[in-house]
Amino acid sequence: MAGWKFSLLNSMKDPELVVKSDDQIVIMKDKYPKAKFHYLVLPKDDISSINSLDTSHLTVLKYMDEQARKFIHNHYEDVVFWLGYHARPSLQRLHLHLISDDFQGSGLKTAKHWNSYTTHFFLPSSKIIDDLEKFGSVRLPDDDKCNEYLKSKLRCHKCSLCPPNMPALKKHLETHS
């Protein structure tokens with residue numbers, strides 16, 4: 001089980017990354033933050049990815065969402081967070097992103113990074129839970145749609161400006177600070 005795709009399993013045990021842990025979940029700092037505040041919530045249950053979810057996972061998903069919201073409430077005032085999952089995650093182990101909407105993280109380097117959070121490639125936690133409750137499975141965009149989202153033109157999530165490249169976008173984002 002070696003390789004970068006499984007790196008979250010080791011990160012879950014790193015005391016420098018873990019900010020909260022209980023018998024069901026781990027909340028940890030993202031090693032490559034895309035925003036000023038970027039955390040991951042991982043279940044201790046072995047759930048490989050969003051693709052493997054079914055109704056038996058509803059309890060843990062709701063708990064992950066609840067603990068994420070409590071964490072934000074207890075640690076951050078006046079910071080807007082997004083809670084969600086990537087439609088096609090690159091790392092194994094289900095993980096919920098808690099990401100502040102400033103997008104001023106050192107790990108935000110490419111248009112793909114940007115689009116993985118600011119398009120419908122990023123699925124709100126509430127949608128995942130709702131899909132399982134209503135349909136018994138998660139409704140994910142197909143591969144073509146995911147590729148389209150990831151290759152979308154850059155667009156500011158706050159004012160819809162379309163900068164020509166990532167350096168221009170990052171500079172523009174500072175105007176919203």
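Author: Read along the sequence, the chain runs α-β-β-β-α-β-β-α-β-α-α-α, where helices (H or I, at least four residues) and strands (E, at least two) are DSSP runs numbered from the N terminus. This is a predicted model, in which local features need pLDDT of at least 70 and side-chain atom pairs count only at pLDDT 80 or more, while totals for chains, interfaces and linings use all residues. Residues are numbered from 1 along each chain as its sequence is written, and side-chain values use heavy atoms, with hydrogens and water left out.

Reader: How many helices and strands does the protein chain have?

Author: The order of elements along the chain is α-β-β-β-α-β-β-α-β-α-α-α. Counted by type, that gives six helices and six strands.

Reader: What is the radius of gyration of the protein chain?

Author: The radius of gyration is taken over C-alpha atoms, and the globule rule used for comparison is 2.2 Å times the number of residues to the power 0.38. For 177 residues that rule gives 16 Å, and the chain comes close to it, so it is as compact as a globular protein of that length. The radius of gyration is 16 Å.

Reader: What share of the 177 residues is buried?

Author: Buried means under 20% relative accessible area, exposed over 50%, and partly exposed in between, with a 1.4 Å probe and protein chains only. By that cut-off, the buried share of the 177 residues is 46%.

Reader: How many salt bridges are found in the whole structure?

Author: A salt bridge is a side-chain nitrogen of Lys or Arg within 4 Å of a carboxyl oxygen of Asp or Glu. A search of the whole structure with this criterion gives a total of 10.

Reader: Which residue meets arginine 93 in a salt bridge?

Author: The N to O distance of this pair is 3.0 Å, and the partner is aspartate 46. The two lie 47 residues apart, arginine 93 in the loop between β4 (81-86) and β5 (96-100) and its partner in the loop between β3 (38-43) and α2 (58-75), which links distant parts of the chain.

Reader: Why does the pair of arginine 88 and aspartate 143 tie together separate parts of the sequence?

Author: Arginine 88 and aspartate 143 form a salt bridge whose closest N and O atoms are 2.7 Å apart. Arginine 88 lies in the loop between β4 and β5 and aspartate 143 in helix α5 (residues 143-150), so the pair joins parts of the sequence that are 55 residues apart. Both ends are partly exposed, with arginine 88 at 29% and aspartate 143 at 47%.

Reader: Which helix holds both lysine 134 and aspartate 130?

Author: Lysine 134 and aspartate 130 form a salt bridge, with their closest N and O atoms 3.1 Å apart. Lysine 134 is exposed at 57%, while aspartate 130 is partly exposed at 29%. They are four residues apart, about one turn of the helix, and that helix is α4 (residues 125-135).
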